[in-house]
Amino acid sequence: MKLYNYWRSSSSYRVRLALHYKQLAYEYVPVSLIKGEQHQEPHRAKSPAGYVPVLEVEERGVIAHVSQSIAIFEYLEERYPERPLLPRSFVQRGHVRALAELVNSGIQPFHNLSTLNHVKSIGGDEKKWAAHFIDQGLAALEKQAKAHAGVFLFGDTFSWADCCLLPQLFGARRFGGNVDAFPLLTRVEQTCLELPFVKAARPEAQPDAQP
Ligand SMILES: N[C@@H](CCC(=O)N[C@@H](CS)C(=O)NCC(=O)O)C(=O)O
């Protein structure tokens, strides 16, 4: 497998967490969002929408490209069910998916690079814009997670919810969000950051990381 990704992209970080948790080997292929490589060939052929991450897989001799981090989670879960990242019960799976979506559709799109560039181009304050949606989204996540949190964001097993939480807190700090206002989220984060597979997936540990 190859992962086309960028060290600081939160959706890329989600997928690295899933791959490292499942102990799946992959080749790291950097795509620089700062240089605009996501919009150029050869990346466009793999992601017509111009996004990272993209997971390249080979099934029965055919190479395929799976994009969108949640779709990649689904692919990995079905293809490699060992070391699951979803609970067994259908209701619990629904709860974990809901936590992941609070981040995936409720926060990250608002601070995506192309969103911020557009806000700026129409005269908006992109930093204030991002901070607003991050604070609002993390408050919703903190509230919703309370009912079922354990050692991790959902129960006592690492899940998709944690794969989305860690990159979102990393992103929140980048954009000046006040993460200390969310004691449950930061407590789970501290626990996760001690785990060796998390350390391996962190942005700072990637080959294209910048100081
Ligand atoms: N919902 C998508 C989001 C993909 C996405 O927004 N990727 C960002 C980086 S986190 C990107 O490639 N942005 C490039 C751009 O906006 O030009 C996912 O979960 O993979």
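**Exercise 1.** In which helix does W160 lie, and is W160 buried or exposed?

*Solution.* In this predicted model, begin with the location: W160 belongs to helix α8. Next take the relative accessibility of W160, which is 1%, and since buried means under 20%, W160 counts as buried. Then list the neighbours: leaving aside residues up to four places away in sequence, W160 touches I70, F73, E74, E77, L85, L86, V96, R97 and A100.

**Exercise 2.** Work out what span the 15 residues of helix α8 should have, and compare it with the distance between the end C-alpha atoms.

*Solution.* Helix α8 covers residues 160–174, and at 1.5 Å a residue it should span 21 Å. The end C-alpha atoms are 22 Å apart, which agrees with that expectation. Just after α8 comes G176, whose phi is positive, at about 80°.

**Exercise 3.** Which side chain of opposite charge is nearest to E56, and how far away is it?

*Solution.* First place the residue: E56 sits in strand β3, residues 54–59. E56 is buried, and the nearest side chain of opposite charge is that of K2, 4.0 Å away, yet E56 has no salt bridge.

**Exercise 4.** Identify the elements against which the buried residues of α9 pack.

*Solution.* Helix α9 spans residues 183–193, and its buried residues include L184, L185, V188 and C192. The buried residues of α9 pack against α1, α7, α8 and α10.

How values were computed
Residues numbered from 1 in each chain as written. Predicted model: local features only at pLDDT ≥ 70, side-chain atom pairs only at ≥ 80, totals over all residues. Heavy atoms only, no water. Helix = DSSP H or I, 4+ residues; strand = E, 2+ residues; numbered from the N terminus. Expected span 1.5 Å × (residues − 1). Buried < 20%, exposed > 50% of the residue type's maximum accessible area, 1.4 Å probe, protein only. Lys, Arg positive; Asp, Glu negative; His and termini not counted. Contact = heavy atoms within 4.5 Å.
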